[in-house]
Structures are given as C-alpha cells and as structure tokens.
Amino acid sequence: MSSIDRSQSVGGTRTYEVRTYGCQMNVHDSERLSGLLEDAGYVRAPEGSDGDADVVVFNTCAVRENADNKLYGNLGHLAPKKASRPGMQIAVGGCLAQKDRDTIVKRAPWVDVVFGTHNIGKLPVLLERARVQEEAQVEIAESLEAFPSTLPTRRESAYAAWVSISVGCNNTCTFCIVPALRGKEKDRRPGDILAEIEALVGEGVSEITLLGQNVNAYGSDIGDREAFSKLLRACGKIDGLERVRFTSPHPRDFTDDVIAAMAETPNVMPQLHMPLQSGSDPVLKAMRRSYRQERFLGIIEKVRAAIPHAAISTDIIVGFPGETEEDFQQTLHVVREARFAQAFTFQYSKRPGTPAAEMDGQIPKKVVQERYERLVALQEEISWEENKKQVGRTLELMVAEGEGRKDDTTHRLSGRAPDNRLVHFTKPEREVRPGDVVTVEITYAAPHHLLAEGAVLDVRRTRAGDAWEKRNAEKAARPAGVMLGLPAVGVPEPLPAATGGCAVD
C-alpha cells in the first residue's frame, strides 16, 4: 500500500502522527496536541505508519546536546515522502522549536508549521493557515496563552492520568535550559485541578500523577507556601481515587508539611522521586541547586521515618564541569546513605544555551564514562538489595498495560505496587484487566523488577478496569482516534523511567 493509500485508509479522513521527545511535560503536551487535532477532525494514523500520516507533528526537547541533530535527521527522512505526496504537512513544536524558531524552516524549508511551548493550542489554525497560504507558519508566543489543561485531550490510558498543576520553573540550574523555554512558574487554581481529577475519576481513572516542572513549588505563584500539601490532602477526599503520585519535586521546596500530607493521606502512594544531581556541595553550588548534601539526606531520613516502606528514586548527573574524584566520591556516599530503589543516571553533556556549557573544567569523556560505570554498578547492587527486602511481602498491584515485554511468552501479567515497583505475576484463571487490582505474594527479586510466582491471592475488578474494557470495545467498533470526551480518561503507564520536568533526560 502506498503512502497516499495509507493516508486515506480511515474513511478518507486526514490522519495525524505525534512524535514525542523528552520529559513527562512533553508527553502530556502531546496528549493535548492529539486532542486538538482530533477535535479538528483528524484521526490518529495506524500504528507503525512511520511518517505515512497526512500531518506529522514533532514535539521536541532541547535538553540533550544532540537534540537538534536528531530532529533534523528525522525531518530529512520525511522530506522525500512529503515531496512525493501533495497535501502532507509537517509541524515542529516543543522546547527546541521555542529555542530555534526561524532556524528550523531555514534548515528544513519543507516544514509547514513551527510553534512553541506557550501556544500549542494554535496548532490546528496554523496548519490550516499554512495550507491556504502555501507557506510556512512560524508562531512562537513569549508567554503562556492558555493553561494546557483547558485544551482538548486524547489520553493514552484508561486507568491512570497525568494532571498538570503548574507549568514553567523559577529555578536557574546551570545545566538546564527548560526554564528559559517554558518560562516562569504559573500555577493552576486548586479548584480547577480538583475538578479535572474528579472528572477523570468519573470516567473511570483510579490513579493520577500530579505533574509540574517543579511540582512541590506549587503555590509560589498563588501565594500559599502550603498549597501543595493542601492539594495532596484534598486528593485524599476524592471518592474513587485510589492512587496519587507526583513528579518531580525539588529538595529546596520539600517541606515537612508535604511529608506529613504524604504519610497521612491514604491514597498518596509511598513513593518519592527526588532529584539529587550530585552529592558534592561544591558541584551543587556550581549547578545552582539550592540545597546541600546534609539537607538532601535530612529529607530522606524524615521521609523514611514517616513512611517506612517508601521507595525513593532519584536523578544523578556524572561529570559536571569541575567535578573532581572527591566530588564524585561524595555522590557515591549519598547513594550509599540514601539507598535509592532506583536512580536515573546521566553522563553530563553540554546543553547549548546553558551556563554550564561555557564553564571551565569540562571533564574528559573517558573519565566521565569510568565514573558513570562505577555509579551504575553501585546503584545496581543497592537496587537489588532493596528489592530483596520485598520478598515475602503481600502487595496489591494495579494491573498495567504494556509494561511486561515478556508477558506473552512467560504467561504472566504485570502490575505496579503502591511504591511503583514493577511486579510480574502469574496470570490467574479469572480474567483481569488493566486497571484492576490483584493481591500477590512476592517470591523473587531482580534489580529492576519483582516476581510473584505463586497463585494470585485475590482479584478485585474495578471501575478503572471497566473503563479500559469500554475503551477497547470502542476502539474495535470505531476508527482509531475517536475522542472519549473532555477531559477524557487516561495518561501515563504508571510512571515509567521518565524523569521530571527539570530535565536531564
């Protein structure tokens, strides 16, 4: 089937594909972009279309040093397809678009639309304007035009949902360009957030993840220093909401009232992702991270005292400019003391436009690689030891979709424990659906997952499972991409290995 034939395979309706790079904020923005396009009459292209859609949208990230090379390589791959296919359009949005602006159409003149992080709601209008005027449309807003949660949404999950509580960031970390592109923090009104959550729960969602570039700074824009802990407690009063998570907090803003709210609100899960970045005080200062090792470990100690079974994960950058072997040893010390369940580790690379890219003392690649390997080996050992402590425990898992890559061959299913650990369990005779809850006993631990090899102890069918079943029935009965309402159900597979908004990934 030719590209033109494939594009007309859904009742003659124009199709779209959204390709997403970067953090959870971009993933959530892509749900908005999909919702906008479907609201404008487009339908999602079939899986595996690989650029054979009528509209291909790139939602970009500017964090990685080679982000632009990756984008232009992908755009180059689409150029001959577009040349042979009248009417096809290509749009580029996200952080790299906000940063590079007119450069994109100069380097890739076959691009039809360039839009920024603040005006994603304009995409359908810009596509139509480009079609009518037959020239590229570049529109970059300098400030937020409308909070993204007011836009139509095509949620990716029927049982778990991202809920954005703020956009932007007031920090000035020297390795991160995101605040410059996303702007200063802008908070949503608490009532709007809770109304969205209640609507999602009404559609069957049972787990939500509160999302922000610096999620626990929530309240700084509305003048309430305890706004985030109050929001967590308010989530605990929503009937039918079983699990609440959030990402990513900043140690500077992690106050005792938040720890108390986590411990005292039953549906706030015993899980915390707390970016460390470095264990060295001099490096933290050079990064402009407004905490030091003692402060970070103090938070970990308080969380463990209040929530003994909490699983704590982190982000760490190895080889930041000026990092000495002693600095690196301090990072290893914090890893040993904190005993993270998981760490997302990154080798420092220059981010164009960041202060760190111009700093003296750039570390040779060979040195960075060697330190990185030592850190990974240590964390792997700790992750395995911490997982072994789970053996023998009885846990409730929310059944997940698409998280067990070997489930078909092993005749298992997969789910997430309250602390977000991934558990593969024996498939029970009784049907279970994503969003349902099963009770299992952990029998084996690996560094990155757990096994429950015995019989499932209990199955609880849920409204979230009903929502998943309904969505799949609708998919089978109707063309791909039909909207489920606004706000609709869904969101992340319960927090995968993505990191938070302030972005080292």
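Student: In what order do the seven strands of the open sheet come?
Tutor: This is a predicted model. In it, the order across the open sheet is β19-β20-β17-β16-β15-β18-β21, and the pairing is mixed.
Student: Which strands are at the edges?
Tutor: β19 (444–445) and β21 (458–460), each of which pairs on one side only.
Student: And how do β15 and β18 pair?
Tutor: In the antiparallel sense, over five bridges. β15 covers residues 394–399 and β18 covers residues 437–441.
Student: What stands opposite Leu395 there?
Tutor: Val440, in β18.
Student: New topic. Where is Lys82?
Tutor: Lys82 sits in helix α3, which spans residues 67–83.
Student: Is Lys82 buried or exposed?
Tutor: Lys82 counts as buried because its relative accessible area is 17%, and the cut-off for buried is under 20%.
Student: What is Lys82 in contact with, leaving aside neighbours within four places in sequence?
Tutor: Met88, Gln89, Ile90, Trp110 and Asp112.
Student: Which side chain does the Lys82 side chain make a polar contact with?
Tutor: That of Asp112, at 3.5 Å. A polar atom of the Lys82 side chain also lies 3.4 Å from the backbone oxygen of Trp110.
Student: How far apart are Lys82 and Asp52?
Tutor: In sequence, 30 residues; in space, 9.2 Å from C-alpha to C-alpha.

Methods
Residues are numbered from 1 along each chain as its sequence is written. This is a predicted model: local features need pLDDT of at least 70, side-chain atom pairs count only at pLDDT 80 or more; totals for chains, interfaces and linings use all residues. Side-chain values use heavy atoms; hydrogens and water are left out. Helices (H or I, at least four residues) and strands (E, at least two) are DSSP runs, numbered from the N terminus. Buried means under 20% relative accessible area, exposed over 50%, partly exposed in between (1.4 Å probe, protein chains only). Contact means heavy atoms within 4.5 Å. A polar contact is a pair of N or O atoms within 3.5 Å; within protein, one must be able to donate a hydrogen and the other to accept it, and residues adjacent in sequence count only if both atoms are side-chain atoms. Two strands pair if DSSP finds at least two bridges between them.
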